[in-house]
Amino acid sequence: MAIMTRTFPLNGSVDIPAVGFGTYLVSNEDAPKAVQAAIECGYRHIDTASGYRNEAAVGEGIRAGLAATGLTRQDIFVTTKLWPGNPAWGDAPKTHEQTLDECETSLQRLGLDHVDLYLIHAPSGGTERLNQWRALIELQRAGKARSIGVSNFNQSHLEEIRSTGLQTPDANQIELHPWSQKPELLAYMAENGIAPIAYSSLVPLSTWRTEEGQASAKTEAMKADSGVFTAMAAKYGVTEAQFLLRWGVQNGYAVLPKSLKPERMRQNIDLEGFTIDEADMEVLRAMDRGQGVAWASGDPSVAE
Ligand code: NAP
């Protein structure tokens, strides 16, 4: 086995590492050490968000990771996300000006002068959604973000941007795994040059978010077919997590596994030594169970 170092193109001048380190539910206490450990394991993409409330600690981990490995800022790809507001939660949508300020605040917390990718975390900004996107275009032009995109946007949200004639997002970060394959959305994104970034690739694992307060919403149909992944992973002599992450990368999705356990961190980027064969990819294609379970799906304020 070997560490995966491949990248996928995001726009004309920016490539995104195929495997990144996710930091959702990583506390401020854990983040500096976890991010440093991830960089030492070979991760070159760190994904955070204003909404994770850990940007300062993640920034500290990035600095520690660079110091420990002798790498420089240019060697690391950093993503953060605008929290767009959500009127359905009594959280006013961020305006154009507020979006510019939010990015600056995130950069200050991270201790960086730019990020490699800045995303609108969700389409919940309602009437301000397009203004938020216009602000991201400005931020990219000002050099604050090398690439820009969205997250949890469905086809109608993407079409809203495209039909206005604005520059389209470089990427859409969405929940993608064999139970949530979103073929129509992905086809639309491919037609419009919007790269997929997969989150929560490990949902099918029995160990996925099992700690207190991290309850997941797996359906009975999902629970019934988890054995398929176990059996296929055994066939390739890899762990189920490696199998699920490889499935994402083989489909062309950058993946973002999160783990606080160094052994799992190493495993989750060690994806080069095997290829899932076409017959198995075909079986997996038939396992789609529709929308995801990690977040946003089923939330009417986000799905509108
Ligand atoms: P994930 O990375 O798919 O799975 C993490 C869970 O799996 C944790 O419970 C982790 O536990 C466990 N795990 C990790 N590696 C494992 C392994 N090798 N074997 C067994 N169990 C393993 O889930 P996620 O955090 O939901 O998604 C990944 C990242 O995507 C996030 O951290 C975040 O950066 C991003 N994300 C974005 C959005 C969005 O709306 N844009 C939404 C969700 C996630 P331990 O930590 O105990 O190992």
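**Around the ligand**

I started with the shell: helix H10 (residues 262-269) gives it the largest share, 3 residues. Helices here are DSSP runs (H or I, at least four residues), numbered from the N terminus. I'm working on a predicted model, where local features need pLDDT of at least 70, side-chain atom pairs count only at pLDDT 80 or more, and totals for chains, interfaces and linings use all residues. Residues are numbered from 1 along each chain as its sequence is written, and side-chain values use heavy atoms, with hydrogens and water left out.

I listed 29 residues around the ligand, and Asp47, Ser200, Ser259, Lys261 and Arg264 come nearest. Being near takes a heavy atom within 4 Å. The shell splits into 11 nonpolar, 12 polar and 6 charged residues; Asp, Glu, Lys and Arg count as charged, Ala, Val, Leu, Ile, Met, Phe, Trp, Tyr, Cys and Pro as nonpolar, and the others, Gly among them, as polar.

**Polar contacts**

I looked for N or O pairs within 3.5 Å. A backbone N or O atom of leucine 202 is 2.9 Å from a ligand oxygen. For serine 201, a backbone N or O atom is 3.3 Å from an oxygen of the ligand. With histidine 121, a side-chain N or O atom sits 3.4 Å from a ligand oxygen. Then I checked cover: the protein hides 95% of the 900 Å² of accessible area that the ligand has on its own (Shrake-Rupley method, 1.4 Å probe).

Technical notes: A polar contact is a pair of N or O atoms within 3.5 Å; within protein, one must be able to donate a hydrogen and the other to accept it, and residues adjacent in sequence count only if both atoms are side-chain atoms. Helices (H or I, at least four residues) and strands (E, at least two) are DSSP runs, numbered from the N terminus.
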